[in-house]
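Subject: Structure handover

Hello,

Here is the structure for you to look at. My findings are below it.

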Amino acid sequence: MKVRDTIDRDLADEPQDVVRVYETEKLATDLREYVLADPLPREFAKVLEPVIDSAKPAAGGTEKVGIWVSGFFGTGKSHFAKIAGHLLADTARGLFTRLLHPGRPDDEHLRELLQEAATYRLRAHLVAFDIQTQHVSGADADNAGLTFLRAFYDSLGLSTVLAFAERELDLQWAGLYERFLRLYKERAGAPWSEEKDFLASSNLF
């Protein structure tokens with residue numbers, strides 16, 4: 001008998017040695033392999049609870065919720081943040097609830113929170129990216145907030161040039177975005193989607 005014959009899993013699915021929060025192709029495999037050790041349900045609850053509370057009608061839709069995940073190298077920060085993000089965005093709640101242990105208080109509390117998230121129709125827009133590859137040099141080098149904002153706009157299909165993205169939002173609110181896309185292609189000879197991230201296009205605004 002070989003080792004693979006004694007393990008109830010597909011060894012072809014190699015566990016990630018480095019978790020990249022922006023990779024979602026193997027999310028189902030990640031969750032099947034995830035070991036929900038004792039402290040984890042309690043820590044996930046700490047992240048989810050204030051966000052879920054903010055979604056309740058009595059909270060008035062507050063936007064003042066922030067979570068900071070910190071720890072030493074190799075302690076599982078990236079994996080924790082990745083799964084927490086997918087739980088908030090409701091892209092992994094069904095798979096995750098299978099990991100919860102019946103009768104364990106922290107697990108049951110987390111199960112209740114996930115049910116509340118469903119009841120209050122909590123949906124988060126997940127923006128997962130590698131800040132090291134997207135953080136630009138120059139005037140914005142010391143402003144991580146601008147890097148986050150660019151990644152957010154990019155996740156919406158908008159330009160990563162902030163001034164362009166803001167005009168795109170204005171056009172969308174005014175109901176003129178589709179018209180702009182048609183006019184841009186007619187005048188520039190190329191679709192906006194291919195040129196929206198180039199500073200050289202600034203003379204067209």
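This is a predicted model: local features need pLDDT of at least 70, side-chain atom pairs count only at pLDDT 80 or more; totals for chains, interfaces and linings use all residues.

**Whole chain**

The protein chain has 10 helices and zero strands. Along the sequence the pattern reads α-α-α-α-α-α-α-α-α-α. Of the 205 residues, 27% are buried. Take the contacts with a separation of 6 or more: 56% of them join residues 24 or more positions apart.

**H2 with H5**

Helix H2 covers residues 39-55, and helix H5 covers residues 105-119. Their axes are 9 Å apart, at an angle of about 25°. Angles under 35 degrees count as roughly parallel, so H2 and H5 are roughly parallel to each other. Their crossing is left-handed.

Which residues of H2 meet H5? They are Pro41, Arg42, Phe44, Ala45, Leu48, Glu49 and Ile52. On the H5 side are Asp106, Asp107, His109, Leu110, Leu113, Leu114, Glu116 and Ala117. The residues of this contact divide into nine nonpolar, one polar and five charged.

**H2 with H3**

H2 also packs with helix H3, residues 77-88. Here the angle is about 45° and the axes are 11 Å apart. That makes H2 oblique to H3. The crossing of H2 and H3 is right-handed.

From H2, the contact uses Leu40, Glu43, Phe44, Val47, Leu48 and Val51. From H3, it uses Phe80, Ile83, Ala84, Leu87 and Leu88.

Phe44 and Leu48 are worth a look in the viewer. They are among the H2 residues that meet H5, and they are also among those that meet H3.

**Arg123**

Arg123 sits in the loop between H5 and helix H6 (131-134). Is Arg123 buried or exposed? Its relative accessible area is 53%. The cut-off for exposed is over 50%, so Arg123 is exposed.

Arg123 still has contacts beyond its neighbours within four places in sequence: Leu88, Ala89, Asp90 and Arg93. Leu88 is also one of the H3 residues that meet H2. Ala55 is 68 residues from Arg123 in sequence, yet the two are 9.1 Å apart in space, C-alpha to C-alpha.

Best wishes

Technical notes. Residues are numbered from 1 along each chain as its sequence is written. Side-chain values use heavy atoms; hydrogens and water are left out. Axes are lines fitted to C-alpha atoms, for helices over the stretch in contact, and angles run from 0 to 180 degrees between N-to-C directions. Helices (H or I, at least four residues) and strands (E, at least two) are DSSP runs, numbered from the N terminus. Angles under 35 degrees count as roughly parallel, over 145 as roughly antiparallel, 65 to 115 as roughly perpendicular and the rest as oblique. A crossing is left-handed if the near helix is turned anticlockwise from the far one by less than a right angle, and right-handed if clockwise. Contact means heavy atoms within 4.5 Å. Ala, Val, Leu, Ile, Met, Phe, Trp, Tyr, Cys and Pro count as nonpolar, Asp, Glu, Lys and Arg as charged, and the others, Gly among them, as polar. Buried means under 20% relative accessible area, exposed over 50%, partly exposed in between (1.4 Å probe, protein chains only).
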